[in-house]
Each structure stands twice: as structure tokens, then as C-alpha cells.
Amino acid sequence: RGTVTAFSPFDARADAEALRKAMKGMGTDEETILNILISRNNAQRQEIAAAFKTLFGRDLVDDLKSELTGKFETLMVSLMRPAYIFDAHALKHAIKGAGTNEKVLTEILASRTPAEVQNIKQVYLQEYEANLEDKIVGETSGYFQRMLVVLLQANRDPDSGIDEGLVEKDAQVLFRAGELKWGTDEEQFITILGTRSISHLRRVFDKYMTISGFQIEETIDRETSGDLEKLLLAVVKCIRSVPAYFAETLYYSMKGAGTDDDTLIRVMVSRSEIDLLDIRREFRKNFAKSLHHMIQKDTSGDYRKALLLLCGGDDE
């Protein structure tokens with residue numbers, strides 16, 4: 001359900017030659033660059049980069065970095081990152097240097113499947129010769145850290161038959177751990193939200209509403225705060241619907257004054273071959289405007305052209 005699929009007929013050498021021509025000499029032909037890179041999928045972009053090196057003895061990404069600037073450069077370079085490295089790279093940058101970008105840790109670890117998380121850990125180890133969990137533990141603390149560690153185990157129960165007895169029990173446990181308790185038993189929230197299967201948790205949320213009269217999100221909002229609250233809410237939203245979670249993430253990256261371009265780029269690139277069509281549908285449904293329209297209003301120049309192409313259509 002992505003907006004970017006394999007381009008056909010594909011000729012890596014011809015694309016490499018066109019890109020070299022677009023960047024050679026005085027001035028840069030941004031239009032050609034964005035048209036080629038956005039209409040090819042990630043596997044094809046890797047082939048183009050290999051052909052570029054073979055033909056010209058130059059690194060395509062280095063050339064893009066030296067010829068382009070600003071947000072447009074960031075977007076094009078992000079598109080060139082091999083898909084399997086994308087998340088590991090984003091996480092590495094979220095935990096390196098002074099200060100940790102909790103937002104990135106939350107977004108990636110709450111939304112990826114257990115198989116994807118296992119893959120990220122493996123790639124992280126290969127690429128950076130470091131253990132992702134150790135790095136994250138070193139940079140975070142408290143219940144936020146504990147929830148991240150649970151998600152990093154990637155041991156969520158597989159989706160099999162629903163046990164109504166366990167649904168009832170989990171809903172009661174969450175109710176007692178939050179609304180009925182003076183203070184909050186965060187550990188129960190972490191264990192249940194971090195390990196139960198998706199279909200089981202959807203039933204638990206319904207049952208919770210019946211028992212307590214509250215949506216689980218309202219309780220998390222009241223009973224927790226800070227990074228833990230944001231992470232638990234992200235996990236709940238992703239259990240309900242990953243595309244709806246990303247639609248909301250994109251909406252808030254552009255709403256109000258200023259744009260959170262890092263988030264906008266990261267989500268558009270990372271979901272472009274997975275579920276961006278579904279995200280667009282949820283966006284239209286939940287915010288009464290199209291993603292295309294909001295990008296159009298909120299960005300400019302080649303950066304806007306590239307994002308709109310990546311968006312792949314308007315749902316007005």
C-alpha cells in the first residue's frame with residue numbers, strides 16, 4: 001500500500017547518467033534529480049548508486065550532498081538510504097551526542113512489528129558494532145526506559161485465538177492499576193501493552209471502556225506523564241491502527257507555526273513503500289483535509305515538489 005513502487009522500464013545506467021548530467025558543471029537541475037529518485041523504489045535507487053560509482057567513480061550520495069542544500073538535500077539523501085538501514089540510522093542519530101531525541105525512539109519502536117524490531121537490532125549491530133538495547137538503556141531512564149526495553153525484546157504474543165477470560169482479566173488489571181489506584185502501577189501498563197497480541201489488546205481496549213467508562217487513552221493521559229505517557233499513547237494508537245498513528249504524526253508535524261521537517265521527512269520516506277496510501281486515507285478521514293493539501297500549504301520550492309510527488313496524489 002505504498003505510493004512508491006518499482007519503476008518500469010528501469011535502466012540504472014541511464015538514470016545514473018541523467019543524474020550525473022543534472023549535477024555536473026554550473027548549476028544543478030533539481031527537477032531531474034527529484035523526478036528520478038522519487039519515482040524509483042529503494043532497491044532501484046541502490047542500483048542507480050552502484051551504476052553511478054561504476055560509471056563515474058563517484059559516490060552518488062556525496063554528490064547529492066555537495067550539490068543540494070537544506071531540507072531538499074535531507075529528503076533526497078534520506079531516500080537514498082537503504083530501506084533496511086533507515087530505522088537503525090534514525091535511532092543511532094536519536095541517541096548520539098548531547099540529549100536524546102525521545103520522539104524518534106517512541107515513533108519507531110511503537111510502530112514497528114516484532115520482525116521489524118529484530119531486523120533493526122541486527123542491522124544496528126552490523127552497521128555500528130554496538131548493541132541497540134545497551135545504547136538506549138544508557139540514554140534513557142525510569143519507566144520510559146523499561147517500556148522501550150520491553151518493545152525491543154520484540155516478543156509480542158502472536159495473533160491467535162482470543163481468550164475472552166484473559167481479555168476481561170487484563171482490562172480489570174489496567175483499571176485497578178490506573179483509575180482505581182492512588183498513584184499508578186505503571187508496570188502493569190508496560191507489561192500488558194508491551195507483550196499482548198494486537199487483536200487481544202483491541203478487545204481489551206473495548207472491554208476497558210465498558211468497565212471504566214473511559215477510553216484507555218484518557219486513562220493513560222491522566223495517570224502518566226512525560227515521555228512514558230507519549231510512548232504508551234503511541235503504542236495504543238499503533239495497536240488500534242498504524243496508518244492512523246502516522247496520519248496524526250504527519251498532521252502535527254505541520255500544524256501550527258513552523259514545521260517539524262525531520263518528522264515529516266522521516267515518516268514520508270519510511271512509509272512510502274509500505275502504507276502511505278492508507279495513511280493518506282486516514283489523514284483525509286481524521287483531519288478533514290488531504291495530506292497533499294497540507295504539504296502544499298506548509299512547504300515550498302523543490303522540497304515541496306518532492307514531498308508532493310512522494311505523497312503520490314490528492315484526496316480532496
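Author: A definition to start with: a residue is called buried when its relative accessible area is under 20%. Also, this is a predicted model.

Reader: Fine. Which residues of helix 3 are buried?
Author: The buried residues of helix 3 are N42, Q44, R45, I48, A49, A51 and F52.

Reader: And what do they pack against?
Author: Their partners are helix 1 (12-23), helix 2 (30-39), helix 4 (60-67), helix 5 and helix 6 (83-94).

Reader: How many residues does helix 3 have, and how far does it reach?
Author: Helix 3 covers residues 42-56, which is 15 residues. From first C-alpha to last it reaches 21 Å, close to the 21 Å expected at 1.5 Å a residue.

Reader: What follows helix 3?
Author: G57, with a positive phi near 60°.

Reader: Switching to helix 12 and helix 15. At what angle do they pack?
Author: Helix 12 (residues 186-195) and helix 15 (residues 226-240) pack at about 30°, and their axes are 11 Å apart. Angles under 35 degrees count as roughly parallel, so helix 12 is roughly parallel to helix 15.

Reader: Left-handed or right-handed crossing?
Author: The crossing of helix 12 and helix 15 is left-handed.

Reader: Which residues make the contact?
Author: Helix 12 contributes E186, F189 and L193. From helix 15 come L228, L232, V235, V236 and I239. The contact residues divide into seven nonpolar, no polar and one charged.

Reader: Now K71. Where is it, and what is it in contact with?
Author: K71 lies in helix 5 (residues 70-80). Leaving aside neighbours within four places in sequence, K71 is in contact with D261, I265 and Y303. K71 and I265 are 194 residues apart along the chain, yet their C-alpha atoms are separated by 8.6 Å.

Reader: How accessible is K71?
Author: K71 has a relative accessible area of 43%, so it is partly exposed.

Reader: On to the backbone. Which residues does the cis peptide bond join?
Author: S8 and P9, with omega about -5°. P9 sits in the segment before helix 1.

Reader: What is phi at A154 and at A288?
Author: Phi of A154 is near 50°, and phi of A288 is about 55°.

Reader: Where are they, and is each buried or exposed?
Author: A154 is in the loop between helix 10 (142-153) and helix 11 (164-177). Its relative accessibility is 12%, so A154 counts as buried. A288 is in the loop between helix 18 (276-287) and helix 19 (291-298). With a relative accessible area of 62%, A288 is exposed.

Note on methods: Residues numbered from 1 in each chain as written. Predicted model: local features only at pLDDT ≥ 70, side-chain atom pairs only at ≥ 80, totals over all residues. Heavy atoms only, no water. Axes fitted to C-alpha atoms, helices over the stretch in contact; angles between N-to-C directions. Helix = DSSP H or I, 4+ residues; strand = E, 2+ residues; numbered from the N terminus. Parallel < 35°, antiparallel > 145°, perpendicular 65-115°, else oblique. Left-handed = near helix turned anticlockwise from the far one by under 90°. Contact = heavy atoms within 4.5 Å. Nonpolar A, V, L, I, M, F, W, Y, C, P; charged D, E, K, R; others polar. Buried < 20%, exposed > 50% of the residue type's maximum accessible area, 1.4 Å probe, protein only. Expected span 1.5 Å × (residues − 1).
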